[in-house]
Amino acid sequence: MEQGLVVTQLDVQPGECVKVKGKIPSDAKGFSVNVGKDSSNLMLHFNPRFDCHGDVNTIVCNSKEDGMWGEEDRKADFPFQHGDKVEICISFDAAEVKVKVPDVEFEFPNRLGMEKIQYLSVEGDFKVKAIKFS
Ligand SMILES: C=CCO[C@@H]1O[C@H](CO)[C@@H](O[C@@H]2O[C@H](CO)[C@H](O)[C@H](OCc3cn(-c4n[nH]c(N)n4)nn3)[C@H]2O)[C@H](O)[C@H]1NC(C)=O
């Protein structure tokens with residue numbers, strides 16, 4: 001499986017924002033934006049699925065602790081289309097993670113109680129154009 005973008009050694013604090021800008025290919029099956037401590041300990045796996053893993057036009061969110069997936073959380077909204085240029089902003093506090101995309105905001109609990117984001121990865125069908133930390 002092709003390796004996506006991976007950024008380590010980050011020190012993103014509560015209230016700060018991880019911004020990922022990119023384009024969704026016209027034939028995208030799915031992509032994920034992952035933030036946390038490392039690839040085995042994720043505060044959030046944000047996984048829009050156009051058609052993969054048995055899901056169609058569904059955002060699946062999850063956490064991962066010591067390599068073990070948590071309970072999935074399927075969102076009602078799916079504000080993505082093939083060919084879209086999107087900007088995804090992720091921020092967090094002690095209680096929850098917020099994912100802002102144009103016109104929609106998603107929340108997910110900070111299940112692991114992480115106090116900083118040290119790791120970012122973008123996997124799957126997403127062409128990263130820029131990342132920004134603010
Ligand atoms: C119905 C019985 C089995 O349940 C299924 O079990 C699958 C396997 O655990 C679930 O899919 C995983 O769901 C995880 C989140 O809970 C992750 O999305 C996991 O994919 C991880 C992944 C994909 N990729 C990746 N895709 N493309 C590239 N380059 N990398 N990187 N990491 C998916 O393979 C899938 O979401 C789950 N479906 C349901 C309805 O529960």
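This is a predicted model: local features need pLDDT of at least 70, side-chain atom pairs count only at pLDDT 80 or more; totals for chains, interfaces and linings use all residues.

**First stop: Leu 44**

Select strand β4, which spans residues 41-52, and find Leu 44 within it. Is Leu 44 buried or exposed? Its relative accessible area is 0%, so Leu 44 is buried. Now display its surroundings, leaving aside neighbours within four places in sequence: Leu 44 is in contact with Val 33, Asn 34, Val 35, Cys 61, Asn 62, Val 97, Val 99 and Phe 108.

**Second stop: the largest pocket**

Select Gly 30, Phe 31, Glu 123, Gly 124 and Asp 125; among the 27 residues that line the largest pocket, these lie nearest its centre. The volume of this pocket is about 560 Å³. Next colour the strands β3 (31-38), β4, β5 (55-65), β11 (119-124) and β12 (127-133), each of which supplies at least two residues of the lining. Which strand contributes the largest share of the lining of the largest pocket? That strand is β4, with 4 residues. Coloured by residue class, the lining of the largest pocket shows 10 nonpolar, 9 polar and 8 charged residues.

Move to Ser 32, Asn 34, His 45, Ser 121 and Glu 123, which lie nearest the centre of the second largest pocket, itself lined by 13 residues. Two or more lining residues come from each of β3, β4 and β11, and β11 gives the most, with 3 residues. This pocket holds about 180 Å³ of space. Its lining comprises 4 nonpolar, 6 polar and 3 charged residues.

Finally, select the cysteine sulfur atoms. How many disulfides does the structure hold? The count is 0. Cys 61 takes part in no disulfide, and the nearest cysteine sulfur, in Cys 52, is 13 Å away. With a relative accessibility of 1%, Cys 61 counts as buried; Cys 61 is also one of the contacts of Leu 44 from the opening stop. Turn next to Cys 89 and Cys 17. The sulfur of Cys 89 has that of Cys 17 as its closest cysteine sulfur, but the separation of 4.0 Å is too far for a bond, because a disulfide requires sulfur atoms within 2.5 Å. Cys 89 likewise counts as buried, at 14% relative accessibility.

Note on methods:
Residues are numbered from 1 along each chain as its sequence is written. Side-chain values use heavy atoms; hydrogens and water are left out. Buried means under 20% relative accessible area, exposed over 50%, partly exposed in between (1.4 Å probe, protein chains only). Contact means heavy atoms within 4.5 Å. On a 1 Å grid over the protein atoms alone, a cavity is a set of points where a 1.4 Å probe fits but cannot get out, and a pocket is an open set with protein on both sides within 12 Å along at least five of seven lines; lining residues have an atom within 4 Å of a point. Grid points are joined across faces, edges and corners, and a volume is the space filled by probe spheres set on the points. Ala, Val, Leu, Ile, Met, Phe, Trp, Tyr, Cys and Pro count as nonpolar, Asp, Glu, Lys and Arg as charged, and the others, Gly among them, as polar.
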